[in-house]
Amino acid sequence: MLLHCEREGGPSDDGATLAAGWLRAGALDSLLELNELCLSLLAEQAAVRCGPPSGLLQQLSELWQRLDGASRQRAAACPYLLLDAGFADPLRWQMPPAPQVGDAGGNRYTCYFTVPAAAEVARLVFIYAWHLARSQAAAARLLLGMPESSAALIARYTLRQIQTLAENHLDWLRPRWPARVQVWRELLLAATSGEVAALERARLWGLTLLAAEARLAPAAWAPRAGARAEPSRHFTAPPSP
């Protein structure tokens with residue numbers, strides 16, 4: 001099960017040693033499982049010749065093709081999520097637009113992923129982020145690059161609402177650092193070669209980027225006066241902060 005974040009026991013992967021020791025073991029286990037799905041999705045999307053243009057997929061197409069099960073497990077052992085849904089942007093989570101009939105062209109973002117598997121991965125990414133925001137906000141910051149302001153907003157959704165949000169906003173899903181092709185090149189090369197030192201360098205590079213982004217994230221968020229404390233039972237959007 002993906003959401004087994006309460007499970008006790010020690011992590012079994014090398015990448016977990018880069019994460020803080022206070023993290024619950026299940027949070028890391030779920031992260032690795034989800035990262036494997038993310039990598040499979042990226043490899044599948046890279047194989048689609050008529051998909052949206054992406055330097056990350058096109059320039060590294062040969063490496064994506066070489067990513068077998070063992071190398072995918074090694075790459076997945078990064079102590080952070082390899083996909084992103086705009087977790088560092090609290091405004092995105094403050095008032096997502098409710099879908100309107102006949103408003104298909106109103107999305108602000110172009111879908112990065114067009115293969116069928118993307119819908120299920122998006123659902124799991126959103127639910128995992130929601131679970132961490134509710135139960136381990138510090139872990140959400142470390143593993144997802146999610147500032148407290150975003151975590152506070154995401155935690156206010158219900159489970160049904162966060163699933164509906166994932167269904168309506170597949171266009172939010174992106175690889176982490178999609179413009180940094182060299183970061184991904186180093187990770188994929190290290191994963192396919194199995195060189196431990198190279199893998200550690202690639203993972204640490206990602207941690208350095210996440211730390212830099214965290215310093216630029218909004219420091220605080222406060223609800224507007226008169227906002228409801230709890231989200232409505234029927235999904236349209238989360239309550240106005």
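**Arginine 176 and its surroundings**

Setting aside neighbours within four places in sequence, arginine 176 is in contact with Leu81, Leu82, Leu83, Asp84, Phe87, Leu143, Leu144, Trp184, Leu210 and Glu213. Contact here means heavy atoms within 4.5 Å. The model is predicted: local features need pLDDT of at least 70, and side-chain atom pairs count only at pLDDT 80 or more, while totals for chains, interfaces and linings use all residues. Residues are numbered from 1 along each chain as its sequence is written, and side-chain values use heavy atoms, with hydrogens and water left out.

The chain has 11 helices and 2 strands. These elements are DSSP runs, numbered from the N terminus: helices are H or I with at least four residues, and strands are E with at least two. Their order along the sequence is α-α-α-α-β-α-α-α-α-α-β-α-α. Of the 241 residues in the chain, 47% are buried. Buried means under 20% relative accessible area, exposed means over 50%, and partly exposed lies in between (1.4 Å probe, protein chains only). The chain exposes about 11900 Å². Carbon and sulfur atoms supply 54% of that area. Accessible areas come from the Shrake-Rupley method with a 1.4 Å probe; for residues, only the protein chains shown count as cover. Among contacts between residues at least 6 apart in sequence, 79% join residues at least 24 apart.

Arginine 176 sits in the loop between strand 2 (174-175) and helix 10 (181-193). Arginine 176 is buried and has no salt bridge. A salt bridge requires a side-chain nitrogen of Lys or Arg within 4 Å of a carboxyl oxygen of Asp or Glu. The nearest side chain of opposite charge is aspartate 84, 4.0 Å away. For charge, Lys and Arg count as positive and Asp and Glu as negative; His and the chain ends are not counted. The side chain of arginine 176 does reach a backbone oxygen, that of leucine 144, at 3.1 Å. This is a polar contact, defined as a pair of N or O atoms within 3.5 Å; within protein, one must be able to donate a hydrogen and the other to accept it, and residues adjacent in sequence count only if both atoms are side-chain atoms.

Tryptophan 177 lies in the loop between strand 2 and helix 10. Tryptophan 177 is buried, at 9% relative accessible area. Its phi is positive, near 55°, although the residue is not glycine. Most residues other than glycine have a negative phi.

Arginine 174 belongs to strand 2. This residue is partly exposed, at 22% relative accessibility. Beyond its neighbours within four places in sequence, arginine 174 is in contact with Leu83, Asp84, Tyr109, Thr110, Cys111, Tyr112 and Phe113. Its side chain reaches the backbone oxygen of threonine 110 at 2.7 Å. Arginine 174 and cysteine 38 are 136 residues apart in sequence. In space, their C-alpha atoms are 9.9 Å apart.

Helix 10 has 13 residues. From first C-alpha to last, helix 10 reaches 18 Å, close to the 18 Å expected at 1.5 Å a residue. The expected span is 1.5 Å times one less than the number of residues. The buried residues of helix 10 are Val181, Val183, Trp184, Leu187, Leu188, Ala190 and Ala191. Glycine 194 follows helix 10, with a positive phi near 80°.

Serine 150 is found in helix 8 (residues 148-154). Serine 150 is buried, with a relative accessible area of 0%. Its side chain reaches the backbone oxygen of phenylalanine 87 at 2.7 Å.

The whole structure holds 3 salt bridges. One joins the side chains of arginine 92 and aspartate 89 (3.9 Å, N to O). Arginine 92 is buried at 13%, whereas aspartate 89 is partly exposed at 26%. Another joins glutamate 120 and arginine 123 (2.9 Å, N to O). These two are separated by about one helical turn because they lie 3 residues apart in helix 6 (residues 117-135). Glutamate 120 is partly exposed at 41%, and arginine 123 is partly exposed at 26%. A further bridge links arginine 203 and glutamate 200 (3.1 Å, N to O). Both lie in helix 11 (residues 196-216), 3 residues apart, about one turn of the helix. Arginine 203 is buried at 3%, while glutamate 200 is partly exposed at 22%.
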